[in-house]
Number of protein chains: 2
Amino acid sequence: METLDTVPDEDFLRLDHQICFSLHAATRAFNGVYREALKELGLTYPQYLVMLVLWEHGELPVKGIGERLRLDSGTLSPLLKRLEAAGYVERRRSAEDERSVTVRATGAGAELRERALGVPRRIAAATGLDLAEIAELRDRLGALAARLDGIDPDALRPSCG
Amino acid sequence: METLDTVPDEDFLRLDHQICFSLHAATRAFNGVYREALKELGLTYPQYLVMLVLWEHGELPVKGIGERLRLDSGTLSPLLKRLEAAGYVERRRSAEDERSVTVRATGAGAELRERALGVPRRIAAATGLDLAEIAELRDRLGALAARLDGIDPDALRPSCG
DNA sequence: CACGATTTAGTTGTGCACAACTGAATCGTG
DNA sequence: CACGATTCAGTTGTGCACAACTAAATCGTG
């Protein structure tokens with residue numbers, strides 16, 4: 001089998017162009033499709049992800065949301081502020097640990113879930129993938145992400161290439 | 001085989017949580033890995049994509065870059081201005097069509113290519129995927145993106161779900 | 001040729017990602 | 001108990017994505 005070592009740098013650069021582009025394109029295409037589907041709910045895609053975890057887990061501290069979505073407070077704080085302004089979530093300082101802020105869906109947020117139920121099905125139908133393919137894609141992407149997250153930054157430095 | 005139609009909305013919402021998350025996570029993990037690898041070059045990931053197309057195609061109008069990367073002038077104009085400020089590209093109004101701005105790599109931009117040659121190999125090695133797997137992932141993502149880009153927006157509206 | 005439609009870059013405004021930082025609360029160890 | 005280290009949310013600044021818009025050049029049709 002052809003191994004990585006036998007391929008010239010030039011070919012790698014070309015292949016890189018292709019895979020970078022397709023990953024970038026797939027992500028933006030997915031975002032675009034969700035943007036369209038979520039327009040009627042008044043949610044962005046990241047806001048929808050936050051609502052999904054709140055619907056699934058009930059109330060969570062900001063940190064808990066961040067762990068599940070791999071987002072930090074710099075991203076979540078303003079996003080949650082917008083969700084709060086829209087009336088979908090409420091935030092309050094935890095009584096037990098006043099460093100922590102607990103986030104939970106409001107009544108309007110719960111109603112939103114009912115309106116959101118149809119979204120994933122329409123997306124799935126639009127992709128033309130069946131359930132098994134969707135699950136496989138999920139697993140591949142999940143495995144890739146886990147592997148990438150586990151990379152030692154030093155392995156990306158020139159000295160180790 | 002289980003079809004989409006027989007799956008309850010609730011299960012879809014849960015599956016959606018998973019696939020949204022894994023796509024989002026894979027993208028951000030990839031971005032993070034590239035960010036690290038490109039740090040020494042002083043490039044961001046989108047800037048690197050632009051340099052890749054310029055290295056491959058020689059000079060291109062802004063529109064040509066946008067078509068290849070599916071980016072509009074609102075994204076490209078400031079990005080190119082930064083690449084120009086860094087000395088990697090130069091822009092000049094086309095003589096034939098003064099609406100158009102031609103972008104090409106400078107000498108420093110060409111030197112950057114030499115230093116960039118090792119990057120994709122290190123990324124590929126870090127993913128632990130072999131060439132065939134990389135090519136397969138590229139094709140799957142490309143096909144998915146093409147399918148998503150081709151979706152009729154109306155198909156995402158509630159009335160058609 | 002004239003003039004409305006189109007094309008091309010660019011600008012503005014909103015939202016997300018992330019690094020670096022701040023400040024307050026809490027924890028752990030002496 | 002005291003005090004330095006850590007944790008947590010939030011802020012600031014930079015860059016990207018995208019929608020909506022502007023201005024200038026070009027095109028196409030009468």
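Which residues on the other side of H5(B) are exposed? They are Glu111(B) and Glu114(B), where exposed means over 50% relative accessible area and buried under 20% (1.4 Å probe, protein chains only). This is a predicted model, in which local features need pLDDT of at least 70, side-chain atom pairs count only at pLDDT 80 or more, and totals for chains, interfaces and linings use all residues. Residues are numbered from 1 along each chain as its sequence is written, chains are lettered from A in the order in which they are written, and side-chain values use heavy atoms, without hydrogens and water.

Helix H5 of chain B covers residues 107-116; helices (H or I, at least four residues) and strands (E, at least two) are DSSP runs numbered from the N terminus. Its buried residues are Gly109(B), Leu112(B) and Ala116(B). Seen down the axis of H5(B), they fall within an arc of 50°, so they line one face of the helix; the arc is taken from the directions from the helix axis to the C-beta atoms. An α-helix has 3.6 residues a turn, so residues three or four places apart point the same way. The cover over the buried residues of H5(B) includes helix H1 of chain A and helix H6 of chain B, contact being heavy atoms within 4.5 Å.

Sugar and phosphate make up 77% of the atoms of DNA strand C within 4 Å of the protein.

Note on methods:
Near = heavy atom within 4 Å.
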